[in-house]
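Here's a quick tour of a protein chain, written for someone just starting out. Have a look at the model first, and then we'll walk through it topic by topic.

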Amino acid sequence: MRIGLEWHKRPPRLRNRTNGCIEQLESRVLLAVDSLGSQPTAVAQAAMTADPVTSTITMLSPIANAETNSTAKNPQSKSWLHGNQWWSMVETSGGTSAYRLDGSSWTPVLQISGTTYNADVKPVGNGDITYVFLYHGTSSKLAKLTYVNGTYELTPLVSPSTPLASITLSTGSQTGTLDIDSTGRMWVASVATTAIEVRYADAPYTSWSAPIAIASFTSPTAEINAVVAFSGKIGVMWTNHAAQRFGFRYHVDGADPTVFSPDEVPASQSAQNVGSGMADNHVHLAVSSNGTLYAAVKTAYDAHTQAAPEMALLVRRTSGVWDPLYGIDGHGTRPILDIDNTVEFLRFMYAGDTNVNDIVYKDIPLSAIDPNQPNKFYSGPDVSNSQYPRQTLISGGMSKNIASTKESFDGQLVAIATNASDVLGNGPYTITGAKMVDTPLVANQPPVISLNGDVSPSFTVTWSGSAVNIESTANTSAGATITDANNANLTSLTISLNSPNTGDVLSANTAGTGIAAAPFDGTNLVLSGGDTLANYQTVLRTVQYNNLSGGPGIASETATFTAVDPFGATGTATSTINIQSSTVVGRLLFYAGSTRYDTTGNPQTPLLFSDDNAIAADKIAYVPNGTAATFANVSSYDKGINGIMVDLLGIGTHTSITLANIQNDFTFKVGNNNSPNLWSAAPLPSTVLVRTGAGVSGSDRVELIWADGAITQQWLELIVKATTHTGLAANDVFFFGNEIGDTGASNTATVAKVTSLDVTGAQTHGASSKTNIPITDLYDFSRDGLVNSLDVTDAQIHGTTLKTGLQLINVGAGGPFAPASTGGGDVGVTSALASAATNPTTPTIPPWIVKLLAHRGVNRIDLKSNPIVKYFEQLAREDTLKSGVILVKADQVADSLNLDDPLLDSLLAKLGVVD
């Protein structure tokens, strides 16, 4: 318990010769009795206050032998939080040391120097590295602390024998502060006799620039300044007694270090000609998570009225506009402030009056700061404010010069102050302090994640082979959201794959935020770091899923999003990722080697890639569906079928489709009947080319190119197999046919044939290069952009009939198709051979062919003998069991007659039979 008796005496106001400010000396006697084993004191907030939290305040055991100026430099920050422990840099008669807070007592852990310095502390990142600016006028230093095994060690900056780096300030300064910009450059601000100066250094911060003067004065004055990093800038604020204003300039990170903005003269619209003017020499800066700058200042009005307050708040919006001055109190000195970005409020702390006094504070929600109500937070001798009253932080009436942390705080804060031994502020001195643990007044609610812009936490997206957002940014105008009823910040956001597969990847873009993304570990992508809901929401909208192995091999995956607020409450949402197989979105015929169209650079071929210019715009693949093929499925190119493009959209490692393994991913057969399952193996392509993103709708285009003339006067069946390379869920089958010289003029419903009508058509539709005939011209069989005697000859020498022409095949959607095996040869011909040897009912070669062969006067088949040649060719085109047997037996007959039969040999070779 504590029993108190207070006596107040207010002597006349005097000018303090040390700092130039007018302060009222106050004597206060406090008689106090404390119970043994001091316990934390719960400070209840009145129900009518606007304080967003309740605070439990624990008084800390004092540190003895403090220097009178231990915490006097109020722009500086002494404390920091690391490893869930508080640390402070303290100046005592024995030198300058780092202390660790253990419970409510301070433990000295590291002496920086035997010299007494005024320290300004800047933790980096999570605080494993902490820099300490040691102010001592022209003999100032910089120290680097490294966290090792639960404590801090002094890391030498210059050498083991010279651990501290020197920072030589100009004469006339009262204090100095440091901060580090977004590029890692360190800045120190100080005051010279007639100038405000900054210096900078790049890592390892041992070599410092010459001073850069950003403001000057006509005569020496006792000014003070502070530096702060914010929103990609370095800002410096200072006092100017002569102008009776505050000053502020900023430098853009990465720009010429000597270039600063013009003086913004903060809140000059509020300046009054009262007392000694607007600016006294007390300034302390803090920045909120959105880049708004806040300054706790003392004015020199000394009127102790609402119209001219002594304690005041200045606010610079992210637009660069300064609000009017906000009055905080009619009495007070040495103000500082810190910001809790979680609950979004600032804590304005100060000595309750000039000279020694209680340390008091006000908690002000950031949302309550309204430039239209600059006096709403004020209390003083002329106004009693029940909504924003003073609250006591350190009582006893002997304290002054409060200091706290440079970083924003998150639910707990430590503040220290120098405590005098008598009411006149005399020594010996101690460091007193208090730890505040805050609890939001509203019961903590978990964060809420919505992936599709409404109340539903679930969302479904389809992955088609490239990275895809797994929330709704790309799919709805609303986009994913994160909300929280009573927290402005999150601690972490984890995205987990419930059943990860080989090749899975999760990624996010955290640029421009304070959020750190740990490397994806195969299951989790962890985003961490205290940052705003808005920044976490921005990063959430960039989260993407991908699979680098061509697909996870399953139909769907589930990703779970888990957000954690600073008080440990979690909110979750799920995203179902449907895995879309590849589809064939393009089956194209092109005229490879066309001297007119397979080129670039002329009006007929405007596309960037040569082969794309040679695509037969009027030809489409025959996809088996139970109806007959048509002329639209047939090429009349005199080089045959020599170019096919297959466009694959979706998953699969399409670039792994190569010439070396083409039979793993494709099956090629040739024939000329309705039984593709009996067709022979086609020649393999001579070239395979995969062009990523070049196909329809950004698909991957697979080009297959054959030698000229390799596939003519027959059908080519292509089976795109369902493999990990293609990404298809099922085989895709299609056909193109070739009938050289065919214009469609003589075609029937079942046969594409070339007759005199096609010859005449070519003769009567001559075209020269001047006519720029299109690629769809019916009579340009050579695809050289001309119709001339070459095309007429093509039609003449490739004349066919109903029996010998290209059959307009009719294959059902279910086949029969060629086997999707990689083995050579044709099972139809193999069966024919077996059947010819064992089945007495196997068809026999017609007698007239046997007679013709037996009476042939030469030992080779006459290729000019049209009847026999065309008969054998027709049998080969039919490629049925019956026709195969006849060809095999004919070859046997020729062999028995010792005839050289290259025609039969070549036909059988095309059918996969080696003699």
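Let's start with V646: leaving out residues up to four places away in sequence, V646 touches V584, G586, F666, D700, R701, V702, V720 and F734, where a contact means heavy atoms within 4.5 Å. Keep in mind that this is a predicted model, in which local features need pLDDT of at least 70, side-chain atom pairs count only at pLDDT 80 or more, and totals for chains, interfaces and linings use all residues. Residues are numbered from 1 along each chain as its sequence is written, and side-chain values use heavy atoms, with hydrogens and water left out.

**The cores**

- The largest nonpolar core has 40 residues, and I644, V646, F666, F668, L704 and L716 touch the most other members.
- A nonpolar core here is a set of buried Ala, Val, Leu, Ile, Met, Phe, Trp, Tyr and Cys residues joined through side-chain atoms within 4.5 Å; buried means under 20% relative accessible area, exposed over 50%, and partly exposed in between (1.4 Å probe, protein chains only).
- Two or more residues of this core come from each of strand 44 (583-589), strand 46 (643-649), strand 47 (666-671), strand 50 (700-705), strand 51 (715-720) and strand 52 (732-738).
- Strand 46 is the top contributor to this core, with 4 residues.
- There's also a second, separate core of 33 residues, and V53, Y99, I402 and A417 are among them.
- In soluble globular proteins, nonpolar side chains tend to be buried together.

**The chain as a whole**

- You'll find 10 helices and 54 strands in the chain; helices (H or I, at least four residues) and strands (E, at least two) are DSSP runs, numbered from the N terminus.
- Of the chain's 915 residues, 53% count as buried.
- Among contacts in the chain with a separation of 6 or more, 62% are between residues 24 or more positions apart.

**Strand partners**

- Strand 41 (residues 544-547) pairs with strand 35 (residues 468-469) in the antiparallel sense over 2 bridges; two strands pair if DSSP finds at least two bridges between them.
- In that pairing, N469 stands opposite Q544 in strand 41.
- Strand 38 (residues 504-507) also runs antiparallel to strand 41, joined to it by 4 bridges, and here V505 stands opposite N546.

- A203 and P204 are joined by a cis peptide bond with omega about 10°, and P204 sits in the loop between strand 18 (195-201) and strand 19 (212-216).
- Another cis peptide bond links G815 and P816, with omega about 15°; P816 lies in the loop between strand 54 (806-807) and helix 6 (827-838).
- N401, in strand 30 (residues 391-403), has a positive phi near 60° despite not being a glycine, and N401 is buried, with a relative accessible area of 7%.
- N772 has a positive phi too, near 50°; this residue is in the loop between helix 4 (756-764) and helix 5 (789-797) and is partly exposed, at 36% relative accessible area.

**How confident is the predictor?**

- The chain averages a pLDDT of 84, and 85% of the residues score at least 70; pLDDT is the predictor's confidence in each residue, from 0 to 100.
- Confidence is lowest in strand 4 (residues 27-31), at a mean of 26, and highest in strand 45 (residues 634-635), at 98.
- Over residues 1-48 the pLDDT is below 50, and this stretch has 106 contacts in the model beyond near neighbours in sequence.
- Residues 820-842 also stay under 50, with 33 contacts beyond four places in sequence.
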